[in-house]
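Open the structure in your viewer and keep the sequence panel beside it. The stops below say what to select next and what is there.

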Amino acid sequence: MADKRTVVVVEDEDAIRRGIVDALRSAGYEPVEAADGQVGLAEAQRAGVDLVLLDLLLPKLDGFDVLEQLRVTRPSLPVIILSARGSEDDRVRGLRGGADDYVVKPFSARELLARVHAVLRRSPERPEPVLRIRVAEKEVDCGRREICLNNGQRIALSEMEAGILQQLAAHAGRVVSREELLSSVWGIRDGVVETRAIDMHITRLRQKLRGDGPDDEPEWIVTVRGKGYMLGPEAVTVTDDGAVEG
Ligand code: CA
């Protein structure tokens, strides 16, 4: 992983909070501690925070209030609620309030880390980087920026081509607009590079991916008229934990 994910732990019980912090740290996350709701809200609103673990019964500001206020400023920041109160009401209230998941105490470190990992993977803010993408017999190695053919041959991709493919793969299952590609791959938000340039890169990328493969090879990139592009439905992506999503 290129940089550590920051996780704010809002929990007033010292022993539980320390346990969570240790587990996160040993799993490669950067934990930030908060022992009450007010500090928790302030920490969660800082730039660079990737996820919040939020207890419900907290001094100063309760977990539901933290969640409500957080949703105003950071609507898509992933939040997992931690609570001893495993009642249906709390669960529903938390999820309605915009929590992404819910873990009932007592939980094991392993269970918590699995939830953290799963929620971060779905996070629209900073999706896990896709390392490899496979369609039929071909694979793209995003790190090396190469198309790997079955016969061992490798074809280099440009930085832009690999960036486009990685961006589409990170949002597999939905359309990515040209404007989104511009800002994420080129880092431009004000149209200095025309969106037409993207179409040209996509055309070249498709030609490279297709190569001299069979005519019935599934599409790597699907054009969605008037909206943008999306990763072909047959493509399989692999993230850094080795998990495969079809
Ligand atoms: Ca508590």
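Select Lys105, in the loop between strand 5 (101–104) and helix 5 (109–122); helices (H or I, at least four residues) and strands (E, at least two) are DSSP runs, numbered from the N terminus. This is a predicted model, in which local features need pLDDT of at least 70 and side-chain atom pairs count only at pLDDT 80 or more, while totals for chains, interfaces and linings use all residues. Residues are numbered from 1 along each chain as its sequence is written, and side-chain values use heavy atoms, with hydrogens and water left out.

Is Lys105 buried or exposed? Lys105 is buried, at a relative accessible area of 14% (buried means under 20%, exposed over 50%, partly exposed in between, with a 1.4 Å probe and protein chains only). Now show what surrounds Lys105: not counting residues up to four places away in sequence, Lys105 touches Glu11, Glu13, Ile16, Asp55, Leu82, Ser83 and Ala84, where contact means heavy atoms within 4.5 Å. With the side chain of Asp55, the side chain of Lys105 makes a polar contact of 3.1 Å. A polar contact is a pair of N or O atoms within 3.5 Å; within protein, one must be able to donate a hydrogen and the other to accept it, and residues adjacent in sequence count only if both atoms are side-chain atoms.

Colour by accessibility: Asp12 is partly exposed at 28%, whereas Leu57 is exposed at 51%.

Move on to helix 3, residues 63–73, where Gly63, Phe64, Val66, Leu67, Leu70 and Arg71 are buried. Seen down the helix axis, these buried residues fall within an arc of 155°, so they line one face of helix 3 (the arc is that of the directions from the helix axis to the C-beta atoms). The face turned away from the buried side carries the exposed residues Glu68 and Val72. What do the buried residues pack against? Their partners are helix 2 (37–44), strand 3 (49–55), strand 4 (79–83) and helix 4 (88–96). At the start of helix 3, a side-chain oxygen of Asp62 comes to within 2.9 Å of the backbone nitrogen of Phe64.

Next select Ile133, Leu165 and Ile221, the residues with the most contacts inside the largest nonpolar core, which has 27 residues. Such a core is a set of buried Ala, Val, Leu, Ile, Met, Phe, Trp, Tyr and Cys residues joined through side-chain atoms within 4.5 Å. Helix 6 gives the most to this core, with five residues. Apart from this core lies another, of 20 residues, among them Val49, Leu56, Leu61 and Ala99.

Last, find Ile155 in strand 9 (residues 154–156). Ile155 is partly exposed, at 23% relative accessibility.
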